[in-house]
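Me: Please take me through this model one part at a time. I will ask brief questions along the way.

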Amino acid sequence: MAKAIPKKGSRGRISSRKSIRKIPKGVIHIQASFNNTIVTVTDVRGRVVSWSSAGTCGFQGTRRGTPFAAQTAAANAIRAVVDQGMQRAEVMIKGPGLGRDAALRAIRRSGILLTFVRDVTPMPHNGCRPPEKKTCVEIKIEDISIARETREQEKQEK
C-alpha cells in the first residue's frame, strides 16, 4: 500500500486544534441552580476557554447542588486557565443556588485578581401573566349543616 505524500511545508505532524494562547484577562461565569453549578471561563471577547460543572466533576443526584460540588467545579475550571496565564478576571454570577458563594471563594483562593463581581440573575419586572386560578366549589361542612337546618325548618312550616 502506498503512503500518502506530505504536502510542501508540512513536517508530518498535525498540530492540535486547541492552541495554548496567553490570556491575561477573562470573564468567569457562574451559573448556580438548585440542582447544579456550571462554571465557564471565557476570554474578553466571549470565547470559551475552559468550563466545568458539578456533574462533570463526578457528583451525582442531589450532591450536585451542594456548595462543595460548586467549589470543586470552580477549581477545575480555573486550573486550566491559570496555566495559560490568566491574572485578572471579572465574575458574573447567575442563579439562586447554594454554590454561588462557594464557587466565588474557590476563585478567590486560586490567586486570580478579581476586577469586579456582578450578579446577573434575571429578575422579572412583573413579567408574564400568572395562569388563571381554577374555579373549584368549596363546600364547608358548616354550610351543609346550615342548609339542612333551613330545609328542615321549611318542611316543618308547611
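Me: Let us begin with the strands. Which strand runs parallel to β1, and how many bridges join the two?
Reply: Strand β4 (residues 88-94) runs parallel to strand β1 (residues 25-32), and 7 bridges join them. Gly-26, for instance, has Ala-89 in β4 as its bridge partner. Two strands pair if DSSP finds at least two bridges between them. Strands (E, at least two residues) and helices (H or I, at least four) are DSSP runs, numbered from the N terminus.

Me: What kind of model is this, and how are residues numbered?
Reply: This is a predicted model, in which local features need pLDDT of at least 70 and side-chain atom pairs count only at pLDDT 80 or more, while totals for chains, interfaces and linings use all residues. Residues are numbered from 1 along each chain as its sequence is written, and side-chain values use heavy atoms, with hydrogens and water left out.

Me: Back to β1. How does β2 run relative to it, parallel or antiparallel?
Reply: Strand β2 (residues 37-43) runs antiparallel to β1, again with 7 bridges. Ile-28 has Val-41 in β2 as its bridge partner. The two strands form a hairpin with 4 residues between them.

Me: Now the helix. What span should α1 have?
Reply: Helix α1 (residues 67-83) has 17 residues and should span 24 Å at 1.5 Å a residue, the expected span being 1.5 Å times one less than the number of residues. Its end C-alpha atoms are 25 Å apart, which agrees.

Me: Which residues of α1 are buried, and what covers them?
Reply: Ala-69, Ala-70, Ala-73, Ala-74, Ala-77, Ile-78 and Val-81 are buried. Their cover includes β1, β2, β3 (48-53) and α2 (99-109).

Me: What follows α1?
Reply: Gly-85 follows, with a positive phi near 95°.

Me: Lastly, Arg-118. Which residues does it contact?
Reply: Leaving aside neighbours within four places in sequence, Arg-118 is in contact (heavy atoms within 4.5 Å) with Val-91, Met-92 and Ile-93. Arg-118 lies in strand β5 (residues 113-119) and is partly exposed, at 44% relative accessibility. Arg-118 and His-29 are 89 residues apart in sequence and 9.7 Å apart in space, C-alpha to C-alpha.

Technical notes
Buried < 20%, exposed > 50% of the residue type's maximum accessible area, 1.4 Å probe, protein only.
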